[in-house]
Amino acid sequence: PLPVVLDGDPGLDDAVAWLLALASPALDVRAVTAVHGNVPLALTVRNAGVTLALAGTDRPYHAGADRPLVRGAVTAAAVHGATGLPAHNLPDPTQSPEAEHAAVALIRHARAEPGILTLIATGPLTNVALAFRLAPELPGLLREIVWMGGSTTQGNRTPAAEFNALADPHAARIVFESGVQLRMVGLNVTMQCIATPERVQALRDLGNRAGAVSAELLTFYAAVYRERYGLRGGALHDPLAVAAVLWPELLDWAAMDVQVEVQEGPNFGRTTCDLYGVTGREPNAQVAVGVDDPAFFARLLTAIATLP
Ligand code: BDR
Ligand code: CA
């Protein structure tokens, strides 16, 4: 199995993404690291422990950055509920978080197996950027980073910016400029992957706790997506980043230069994607530009079915 570290801000779609990863025998989840984001860090750390318990597994989990590198925190409690995991009957964490900081843990895992470790990041990139500053050799030690964030088109938190990019654009810029092997799974593909009422019912019908909780989380999400975007349910943003590692063939990829805007103003946090190569700059990322959404959901469902 492929060694991975999961870094994110659960957050209900982060939780579903992590359930997918923890359910997949093709992945060996070495550790889970939490960052500020959808809800404050204290909650994302607790939710990391809850998600591990939901998956019926005990892996080390670590707290990371409680705020972006430069600006104040941006949260998304309106989308993810006050706790970040709006569901009943959630198990308590079975273990406490590790004392080691997320960024330090990431460096340790990458150094232990140079060139082998994949990082799946589904939140603001603060922990990753901190790790890159602490260990400048880290970009060359990772197999790759797959990040849910950014967009080749419009944003969701502002007209220009996707939430994870907006929540720490300076960190995202450090990562995009680092030379690390990087794949970006942005809104342009994740907004095509909708947890429709039929899909939510299919998760519920699995009859296990992971399916029931996933269904409840995605139901909470659906109202916002109906009102704000006119969609039939919430978008499966973060699970698609895990799917991109498990089944890269389900997405179409294009190499391009991506610049993260850090100037204050209407484009703050925008990922400007040079889809047509007009700048002549060397690509710094493989960007997802298409997705086989039915196949993705079918495989997600099959994986969640294997959990308690
Ligand atoms: C991203 O923002 C968060 O709210 C979600 O968890 C996802 O990672 C989508 O823009
Ligand atoms: Ca997230």
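Reader: Which residue of E6 is the bridge partner of Trp 147?
Author: Met 184 is the bridge partner of Trp 147. Val 146 has Arg 183 as its bridge partner in E6. This is a predicted model, in which local features need pLDDT of at least 70 and side-chain atom pairs count only at pLDDT 80 or more, while totals for chains, interfaces and linings use all residues. Residues are numbered from 1 along each chain as its sequence is written, and chains are lettered from A and ligands numbered from 1 in the order in which they are written.

Reader: What makes strand E5 and strand E6 a pair?
Author: Two strands pair if DSSP finds at least two bridges between them. E5 (residues 142-148) and E6 (residues 182-185) have 4 bridges, in the parallel sense, so they count as a pair. The strand names stand for DSSP runs (E, at least two residues), as the helix names do (H or I, at least four), numbered from the N terminus.

Reader: How many bridges join E6 to E12?
Author: There are 2 bridges, and the strands run parallel. The rule asks for at least two, so E6 and E12 also pair. Arg 183 stands opposite Gln 286 in E12.

Reader: Which way do the residues of E6 point?
Author: Leu 182 and Met 184 point one way, Arg 183 and Val 185 the other, and all are buried. In a regular strand the side chains alternate between the two faces of the sheet.

Reader: In what order do the strands of the sheet come?
Author: The order is E3-E2-E1-E4-E5-E6-E12-E9, in an open sheet of 8 strands with mixed pairing. Strand E3 (61-63) and strand E9 (251-256) each have a single partner strand, so they stand at the edges with one side lacking a neighbour in the sheet. Neighbouring strands are turned by 25° against each other on average, direction ignored.

Reader: What does helix H1 touch on the sheet?
Author: H1 (residues 12-23) packs on the sheet and touches strand E1 (2-8), strand E2 (27-34) and strand E4 (117-121). A contact requires C-beta atoms, placed from the backbone, to lie within 7 Å. The direction of H1 makes about 170° with that of E1; axes are lines fitted to C-alpha atoms, for helices over the stretch in contact, and angles run from 0 to 180 degrees between N-to-C directions. Helix H12 (residues 237-246) lies across strands including E5, at about 150° to E5.

Reader: Why is Leu 138 called buried?
Author: A residue is buried if 20 or more other C-beta atoms lie within 10 Å of its own, exposed if 12 or fewer, and partly exposed in between, with C-beta atoms placed from the backbone. Leu 138 has 21 other C-beta atoms within 10 Å, so it is buried. Leu 138 sits in helix H6 (residues 138-141). Leaving aside neighbours within four places in sequence, Leu 138 is in contact with Ile 107, Ala 110, Ala 131 and Phe 132.

Reader: What puts Val 79 in a class, buried or exposed?
Author: Val 79 has 22 C-beta neighbours inside 10 Å and therefore counts as buried. Val 79 lies in helix H3 (residues 77-80). Residues up to four places away in sequence aside, Val 79 touches Tyr 221 and Val 224.

Reader: And Asn 89, buried or exposed?
Author: Asn 89 has 8 other C-beta atoms within 10 Å, so it is exposed. Asn 89 is in the loop between H3 and helix H4 (102-112). Its phi is near 55°, a positive value in a residue other than glycine.

Reader: Why is helix H8 described as mostly covered?
Author: Of the 8 residues of H8 (residues 169-176), 7 are buried. The buried ones include Arg 173 and Val 175. The cover includes helix H5 (126-134), E5 and strand E10 (258-260).

Reader: Which members of the largest nonpolar core touch the most others?
Author: Leu 19, Ala 21, Val 175 and Leu 240 do, in a core of 106 residues. H1 gives the largest share, 10 residues. A nonpolar core is a set of buried Ala, Val, Leu, Ile, Met, Phe, Trp, Tyr and Cys residues joined through C-beta atoms within 7 Å.

Reader: Which residues come nearest to ligand 1?
Author: Gly 11, Asp 13, Ala 76, Phe 163 and His 237, of the 15 residues around ligand 1. A residue is near a molecule or strand if its C-beta atom, placed from the backbone, lies within 6 Å of it. Gly 11 is in the loop between E1 and H1, and a cis peptide bond joins Pro 10 and Gly 11, with omega about -5°.

Conventions:
Two residues are in contact if their C-beta atoms, placed from the backbone, lie within 7 Å.
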